Amino acid sequence: MTRAEGADRLAVEASRETQRLVALHEGARRMRALGERDERWTAYAATSRSLRDKAIALSMRGPVALVSEGGAGAAAIAKVLHDQGPGAASPFVILDAGGARLDGLLAALVGDARESPERAGWLEHAAGGTLVLEDLPALGHDAQVALVDALRTGTSRRLGAEHGYAVDVRVVVTMRDRPERFDLPRALLDMLSERTVRVPPLRERIEDLESLTLLSIDRACRVHGRAALGVGPEAALALRSYRWPGNLDELDAAIEHAVRRAKGTRIALDDLPAQVRAALADDLEEEYESDRPWRGDA
């Protein structure tokens with residue numbers, strides 16, 4: 001082999017290794033461990049308790065679809081299902097289909113033996129445990145069909161592999177609307193038609209707000225090295241008055257903002273973001289307007 005041929009061969013091998021490492025990095029980026037916030041599902045509200053009980057019952061018999069607004073806590077419900085099942089000690093894997101390239105999702109789901117026989121897919125990474133597929137519609141048609149086949153037959157096969165492997169995994173999928181609103185394969189729609197649960201947004205389970213707020217304060221105080229904080233009465237009213245369109249993600253951001261600004265031992269109204277403070281002002285204005293006729297009659 002000439003020096004030039006050797007250099008070409010090294011270049012090809014280096015290119016393949018780079019591609020392999022990039023693929024591994026992308027796979028690791030799409031798979032994430034459950035964050036501390038998501039490990040806790042606070043369920044004092046009747047809607048929260050009903051959701052939890054229904055989801056647990058459905059998950060005992062197959063895949064479950066969780067329909068929720070962004071930040072409403074679908075991953076937390078998935079963790080409850082995982083902890084209640086027989087595979088609680090097995091892997092719990094969350095994958096964001098919306099954050100991945102469409103052309104690589106099939107290989108990521110079932111595995112890809114074409115470049116490396118050891119490249120396992122998401123179904124194998126979560127073996128014995130729970131696989132959460134966030135944003136199911138973004139998974140793409142081919143991967144959605146492969147998912148249905150794996151759940152129906154209990155087997156799958158890496159791309160380019162001669163032999164298949166057993167699929168033993170609980171699957172939880174999430175989406176922003178009901179399955180029939182998306183262009184999903186008919187077999188997948190049929191599979192999820194009676195197995196869909198709506199996760200109520202924070203504004204519909206306001207009974208949970210106090211506990212969720214205290215948990216968020218505890219985390220933010222530990223992150224910023226502060227002693228534990230309480231919540232002043234006006235700040236508490238503002239938190240309850242706000243509609244929380246961003247749900248738990250927005251609550252966490254608002255509380256972190258307040259913890260950074262707080263001067264005393266309690267979060268005050270002025271420590272909260274402007275939009276949260278404005279909600280209290282709006283409520284007070286509505287209360288004043290509704291009282292005016294009564295005052296006039298006096």
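Predicted model: local features only at pLDDT ≥ 70, side-chain atom pairs only at ≥ 80, totals over all residues.
A quick word on the ground rules: local features need pLDDT of at least 70 and side-chain atom pairs count only at pLDDT 80 or more, while totals for chains, interfaces and linings use all residues. Residues are numbered from 1 along each chain as its sequence is written, and side-chain values use heavy atoms, with hydrogens and water left out.

Helices (DSSP runs of H or I, at least four residues) and strands (E, at least two) are numbered from the N terminus. Axes are lines fitted to C-alpha atoms, for helices over the stretch in contact, and angles run from 0 to 180 degrees between N-to-C directions.

| Helix pair | Axes come within | Crossing angle |
|---|---|---|
| Helix 2 (residues 46-59) and helix 3 (residues 74-84) | 10 Å | roughly 50° |
| Helix 8 (residues 209-223) and helix 10 (residues 247-261) | 9 Å | roughly 50° |

Helix 2 and helix 3 are therefore oblique to each other; angles under 35 degrees count as roughly parallel, over 145 as roughly antiparallel, 65 to 115 as roughly perpendicular and the rest as oblique. The crossing of helix 2 past helix 3 is right-handed, meaning the near helix is turned clockwise from the far one by less than a right angle. On the helix 2 side, the contact (heavy atoms within 4.5 Å) uses Leu 51, Arg 52, Ala 55, Ile 56 and Ser 59, and helix 3 brings Ile 77, Val 80, Leu 81 and Gln 84. Sorted by class, that makes six nonpolar, two polar and one charged residues. Here Ala, Val, Leu, Ile, Met, Phe, Trp, Tyr, Cys and Pro count as nonpolar, Asp, Glu, Lys and Arg as charged, and the others, Gly among them, as polar.

Helix 8 also passes helix 10 in a right-handed crossing. Among the residues that meet there are Leu 209, Leu 212 and Ser 216 from helix 8, and Leu 248, Asp 252 and Val 259 from helix 10. The classes in this contact are nine nonpolar, two polar and three charged.

**Strand 3**

Four of the five residues of strand 3 (residues 92-96) are buried, so the rest of the structure largely encloses it; buried means under 20% relative accessible area, exposed over 50%, partly exposed in between (1.4 Å probe, protein chains only). Strand 3 pairs with strand 4 (residues 130-134) in the parallel sense over five bridges, where pairing takes at least two DSSP bridges. Val 93 sits opposite Leu 131 of strand 4.

**Ala 113**

Ala 113 lies in the loop between helix 4 (105-110) and helix 5 (122-125), and counts as buried at 19% relative accessibility. Its C-alpha atom is 5.2 Å from that of Gly 160, 47 residues apart along the chain. Leaving aside residues up to four places away in sequence, Ala 113 touches Arg 158, Leu 159, Gly 160 and Ala 161.
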